[in-house]
Amino acid sequence: MNNEYRFENRKFVILGIVLGIVLLFIGRLFYLQILNDEYKEHADSNAFLNKTIYPSRGVMYDRNGKLLVSNQPAYDVMVCMRNVKELDTLAFCNALGITREFFDKRMADVKNRRLNPGYSSYTDQLFLSQLTAEDFAMFQEQLYKFEGFSIQKRTVRQYNYPLAGHIFGDLGEVSKKDIAADGYYVQGDFIGKQGIESFYERQLRGEKGKEVLLRDAYGRVKGRYQDGAKDVAPVPGKNLTLSLDIELQELAERLLQNKIGSVVAIEPETGEVLCMASSPTFDPQVLVGRQRGDNHRMLSKNKQKPLLNRAIMGTYPPGSTFKTAQALTFLQEDVIDVDTQFPCALGFRYKGLHVGCHAHSSPTSIVPTLATSCNSYFCWSLYRMIGSSRYASPQEALTRWKDHMVAMGFGYRLGIDLPGEARGFIPNSAFYDKWYGGRWNGLTIISISIGQGEVTLTPLQIANLGATIANRGKYITPHIVKEVQGEELDSLYRFPKYTMVDKEHYETVVQGMREAVLNGTCRAANLPGIEVCGKTGTAQNRGKDHSAFMGFAPMHNPKIAVAVYVENGGFGAVYGVPIGALLMEKYLTGTLSEASEQKAKDIQQRVIYYGNQER
Amino acid sequence: MAIRNVNLWRSVDWFTIILYFILVACGWLSICGASYDFGETDFFSFDSNPGKQLVWIGCASLLGIVLLNIEKKYYELLAYPVYVAFVILLAVTIFVAPDIKGSHSWLVLGPIRIQPAEFSKFATALALARLLSSYGFSMAKRADVLKMLAVVLVPMLLIVLQNETGSALVYLSFFFVLYREGMTGSLLAIGVCAVIYFVIGVGQGENFFELMPVNVGQFVVFLLVPLFTALMVGVYSKRAKRAWGIALFNLTGTLAAYLFSRYVIPFDICIAQLVLCACTVLYLLYVYMLERYASYLLIALFALGSVGFYYSCNMLIGKLQPHQRIRIEVLLGLKDDPAGVGYNINQSKIAIGSGGLWGKGFLNGTQTKLNYVPEQHTDFIFCTIGEEQGFMGCAFILLLYATFIIRIILLAERQGSNKFTRVYGYSLAAILTFHLFINVGMVIGLAPVIGIPLPFFSYGGSSLWGFTILLAILLRLDAERETRF
């Protein structure tokens with residue numbers, strides 16, 4: 001009992017704790033509610049609504065001023081739940097072309113605060129996004145019947161030609177990563193995802209403006225704050241003029257139909273890309289609007305990879321087109337001169353090594369060699385260069401060789417204004433030292449002299465090789481945007497780069513390429529009235545050979561350099577030469593002759609069967 | 001004991017009943033405020049939250065009347081069976097309950113969902129009352145203490161297994177009851193200290209003083225450690241001079257370190273604080289060697305343990321990967337915070353802070369309507385009061401709670417030698433206090449975010465019924481108190 005009383009006093013401790021807690025809370029509330037103003041200001045800030053005004057995105061023209069990419073209005077159907085009364089649901093669904101189930105689901109989703117955290121029955125909520133102009137016209141006539149529904153206008157991209165999807169790229173909603181990388185974006189904004197839309201995002205997007213609105217406690221907009229004194233007008237995006245010739249692009253894509261491959265044409269003097277086609281391709285318009293997600297999924301699942309821009313992302317053995325670069329190197333390095341001859345007995349035979357060649361007169365000097373595309377000549381030359389006593393070692397000789405290749409734009413990204421460019425591969429001596437454990441010589445690596453083996457280039461690099469030869473030793477980095485409104489192009493696209501080979505050697509190679517068109521492998525490219533220079537390529541690979549062509553025209557004061565690469569197309573003369581010739585004719589004469597048009601149709605209809613495996 | 005006829009109408013405590021109905025009415029009005037959608041919301045429609053809550057209130061009243069009419073002897077008799085039944089129910093719930101936001105605590109019976117954890121509190125209170133009032137029970141006996149702890153900890157553990165750690169923590173409030181019944185006070189003091197260290201040390205961990213590389217939470221904890229130590233010296237050794245000496249030594253030392261860091265060379269003051277703590281501990285050990293008085297040794301261990309506890313909490317929470325940290329926070333019953341650090345609390349403070357002195361008026365709040373505040377009609381219901389009724393309304397409600405709880409304590413204390421009713425009454429008072437402390441503390445940013453309801457205010461039948469049952473039984477027990485003539 002004594003104990004009981006002793007503990008009775010503990011009730012005061014407990015009572016004290018209860019009172020202490022309550023007094024502590026009251027003190028804290030006094031601080032929060034009366035002493036501190038910060039929280040009231042926060043609550044007030046909810047009364048202001050900063051509404052973003054989106055700028056119009058820059059449009060794109062082709063080199064002849066044709067409008068390629070523009071903006072079109074799209075219409076979002078908005079709903080303000082509080083104002084929806086006596087809705088004739090059936091009529092509404094018919095007007096929008098939706099089902100009753102879809103209507104019920106959307107209405108439930110809009111009200112679901114978990115899916116739509118900003119929901120308020122007093123403000124407009126998005127019911128259906130991106131109605132097309134036609135659907136909108138139908139719906140608008142009946143809109144007066146549907147109280148509570150309204151239309152909000154926005155803009156989406158309009159691609160006016162079903163072409164050049166790889167070049168334009170597409171717009172998509174910003175990802176969390178985009179937002180983290182650039183504070184400009186907020187959830188729901190659109191950003192360029194591929195191609196020019198992505199590379200020139202900063203120029204195209206413009207600057208958002210804002211409108212400061214007042215809203216009442218119910219979230220309803222009551223008017224503009226200070227009559228718009230704090231508003232900021234949006235800055236529209238900059239327009240782009242592309243170097244593309246959309247008609248040439250159309251022809252290129254037509255010729256590549258039913259085949260896998262790519263075509264690149266460059267204006268040698270300026271480095272401007274005249275056309276860049278990659279096949280299979282897609283219509284850029286399918287990646288606009290409500291169907292974007294489905295279509296994108298479908299394209300990315302396709303085994304032939306239509307989303308891949310093979311012109312800059314594909315890396316291939318360049319085959320015989322590479323021999324021009326070899327000839328230039330050997331001439332510059334004094335491994336050969338214009339008169340040097342090498343024998344060819346159906347190929348290169350030495351110390352048990354055999355590299356095959358086709359039947360032609362032998363021995364030959366460099367010009368007819370280029371015309372007949374003799375393998376043996378280049379094997380002998382490379383063997384001679386690597387073994388030459390002018391260099392301290394084979395390693396040093398190969399390093400010299402590699403420096404020439406790099407100066408011609410191989411082995412590294414050229415720096416075109418498109419995302420995702422591949423660099424291709426030019427082996428150096430360290431690579432071979434590692435590969436062969438240091439025991440290698442000119443014979444070991446002989447196949448690089450004919451554009452086989454470890455060497456790979458992108459079709460863009462091959463086209464750039466054509467432009468370099470056309471320019472007799474210099475090139476401006478290829479680029480696809482000719483002009484940005486009110487802005488100077490990057491210096492990369494304005495000043496030339498020079499190779500390490502003298503102009504006279506280029507003249508020799510040009511002669512060889514001219515000879516190839518007149519009497520050699522490229523005879524099909526001999527256009528009447530135009531001095532075409534060209535070089536075929538037939539690149540061996542595991543399947544059927546790839547068909548390639550690299551050329552330019554006219555021989556003097558060239559206007560166009562072309563590279564064609566058709567996967568598994570066989571000899572260079574089968575697809576490469578005729579496609580290249582048609583493009584040159586089209587660009588230089590502005591049209592195709594009747595016979596050429598017939599030839600184009602024929603090529604367009606020819607199908608190469610690739611089977612069902614991943615490409 | 002002779003069978004007496006109790007005149008319920010005359011002997012029941014009407015004061016408590018009136019307080020109960022005032023609280024419930026205020027709660028209902030708050031739910032109206034929180035559910036109001038700026039329109040002609042029909043508060044009496046059964047589709048709306050206030051309408052449903054009215055039904056729960058009606059049921060709760062009926063339930064209360066039934067429980068008031070059951071005699072005390074049945075409560076004493078059925079205390080253990082009811083307790084065992086609830087323990088089994090809690091265990092079964094773990095396995096049969098569907099996964100609702102990660103917790104397995106809701107039993108779904110057709111359209112009705114009930115949370116057994118809300119009801120097992122009264123069963124535990126009854127069982128504890130029965131145990132402590134049983135003949136020959138003594139806190140000095142190890143077996144009795146173990147039984148006592150088991151009664152509290154078994155349901156607590158089962159609720160933790162249901163992933164409802166918040167509700168399980170409520171069972172800690174039973175230790176106040178045990179304290180009242182004679183459990184050693186230092187245990188309670190250490191428990192309170194641990195809670196304070198944890199909340200301040202971990203909760204405030206991210207703030208820094210301007211210019212100085214000091215973690216505020218660590219600073220406060222390291223300031224509290226010597227102060228608590230000094231307090232203990234004062235209480236247990238009865239040598240006030242020593243206690244003051246320790247406190248002043250630490251305070252001046254900290255101040256000196258602060259000034260040095262502020263004006264001379266910025267450095268981490270906490271290092272200086274650690275040195276001061278070490279000196280304090282060495283001093284206590286020295287006194288212990290001198291006087292051989294065990295309390296000094298224990299107090300020294302307390303000081304060391306405090307610092308160790310802080311560091312292990314930080315190791316556990318602070319140094320972990322974010323996802324591991326979230327997992328532990330969820331395990332501790334800390335709510336996850338999807339919109340970023342402190343978003344919920346910030347919104348809740350904005351809502352309350354915007355209320356001002358008199359509030360914005362009934363149904364005129366904005367912050368608690370547009371979904372700025374999460375769970376605005378359940379766990380964060382106090383925000384609505386803060387915004388719409390202002391400081392005056394909040395103070396009124398808090399004082400109402402204080403009156404209510406104090407009244408219950410007084411009811412418990414007026415039982416004379418009837419230990420059963422007293423233990424039960426204290427259990428109710430402690431549970432209510434704990435809920436009030438955690439819920440309101442969370443809303444105003446003083447306690448960690450642990451989702452437990454505010455009694456009689458938060459929307460929901462289980463919680464309201466649970467507390468009504470607890471109260472009705474106490475009122476019946478109290479009505480049968482022995483009146484001394």
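Begin with helix α18 of chain B, residues 461–479, whose 19 residues should span 27 Å at 1.5 Å a residue, and whose end C-alpha atoms are 26 Å apart, which agrees; the expected span is 1.5 Å times one less than the number of residues. Helices here are DSSP runs of H or I with at least four residues, strands are runs of E with at least two, and both are numbered from the N terminus. Because 17 of the 19 residues of α18(B) are buried, this helix is largely enclosed by the rest of the structure. A residue is called buried if 20 or more other C-beta atoms lie within 10 Å of its own, exposed if 12 or fewer do, and partly exposed in between, with C-beta atoms placed from the backbone.

Before moving on, note that this is a predicted model, in which local features need pLDDT of at least 70 and side-chain atom pairs count only at pLDDT 80 or more, while totals for chains, interfaces and linings use all residues. Residues are numbered from 1 along each chain as its sequence is written, and chains are lettered from A and ligands numbered from 1 in the order in which they are written.

Stay in chain B, which has 18 helices and two strands, and in which buried residues make up 43% of the 485 residues. Select B:V221 in helix α10, residues 216–237; B:V221 is buried, with 29 other C-beta atoms within 10 Å.

Now turn to chain A, with its 22 helices and 20 strands; of its 615 residues, 42% count as buried. Colour the open sheet of five strands, whose order is β12-β11-β20-β19-β18 and whose pairing is antiparallel; two strands pair if DSSP finds at least two bridges between them. At the edges stand β12 and β18 (533–539) of chain A, each with a single partner strand, so one side of each is left without a neighbour in the sheet.

Select β11(A), residues 261–267, together with β12(A): the two pair in the antiparallel sense over seven bridges, and A:A265 stands opposite A:C275 in β12(A). Between these strands the hairpin has four residues, and A:G271 takes a positive phi near 75 degrees. Strand β12(A), residues 272–279, is mostly covered, with eight of its eight residues buried. With strand β20(A), residues 560–566, β11(A) runs antiparallel and is joined by six bridges; here A:V263 stands opposite A:V564.

What is in contact with A:L583, leaving aside its neighbours within four places in sequence? Select A:L248, A:L251, A:A252, A:V263, A:A265 and A:V562 to see these partners, where contact means C-beta atoms, placed from the backbone, within 7 Å.

Which residues touch the most other members of the largest nonpolar core? Of its 125 residues, these are A:A265 and A:L583; such a core is a set of buried Ala, Val, Leu, Ile, Met, Phe, Trp, Tyr and Cys residues joined through C-beta atoms within 7 Å. As a last stop for this core, select helix α16 of chain A, residues 375–387, which gives the most to it, with eight residues. A second, separate core has 102 residues, including B:F122, B:I381, B:F456 and B:L475.

Methods
Contact = placed C-beta atoms within 7 Å.
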